[in-house]
Amino acid sequence: MVWWAWLVVGLLLMCAEMLLVDAAFYLVFLGVAAILTGTIGLVGIGLPVAAQWMIFSALAAISMVFFRRKVYLKLRGSPIGFEDQVDGRHVVVTEDVGAGGQTRVEFRGSRWDAVNVGNAPLTAGDQAIITKASGSRLEISSL
């Protein structure tokens, strides 16, 4: 393709992402890869079409894998009210559990498996702190 076609395709992809569809920044990075591929031709480096497509593919894949998530989270952030960090949050123990024992606790409106990783036993009604979340299991200890 000629260099200006890469630039046009890149701008169209970026505009489509910004104005028409929310593709989680995938189209933006495809657009940037197309613009960079066109820029190579613009500066006078003539490449065969197959090499242009290889460069475009490599730039798109590398930028999406290493930069897309970071840029997306920086610009868009997490959804409002969503917290993916549970360490340090408090739960109320509903039954007695000894050190190293397992129980169920309520957290964020649902019941979770929990293990008392602290040295002290917990009694029903005590507050505990979440020290770690591992899948659907919480590790808790006394405050």
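1. Of the 143 residues in the protein chain, 27% are buried (under 20% relative accessible area, with a 1.4 Å probe and protein chains only). The model is predicted, and local features need pLDDT of at least 70, side-chain atom pairs count only at pLDDT 80 or more, and totals for chains, interfaces and linings use all residues. Residues are numbered from 1 along each chain as its sequence is written, and side-chain values use heavy atoms, with hydrogens and water left out.

2. The protein chain has three helices and five strands, in the order α-α-α-β-β-β-β-β along the sequence. Its radius of gyration is 26 Å, well over the 15 Å that the globule rule gives for 143 residues, so the chain is more spread out than a compact globule. Helices (H or I, at least four residues) and strands (E, at least two) are DSSP runs, numbered from the N terminus; the radius is taken over C-alpha atoms, and the rule is 2.2 Å times the number of residues to the power 0.38.

3. The C-alpha trace spans about 75 × 25 × 20 Å along its principal axes.

4. Of the contacts (heavy atoms within 4.5 Å) between residues at least 6 apart in sequence, 49% join residues at least 24 apart.

5. Average pLDDT, the predictor's confidence in each residue from 0 to 100, is 87 for the protein chain, and 94% of the residues score at least 70. Confidence is highest in helix 2 (residues 26–42), at a mean of 94, and lowest in strand 2 (residues 102–107), at 85. Where pLDDT is low, the predicted coordinates should not be read in detail.

How values were computed: Buried < 20%, exposed > 50% of the residue type's maximum accessible area, 1.4 Å probe, protein only.
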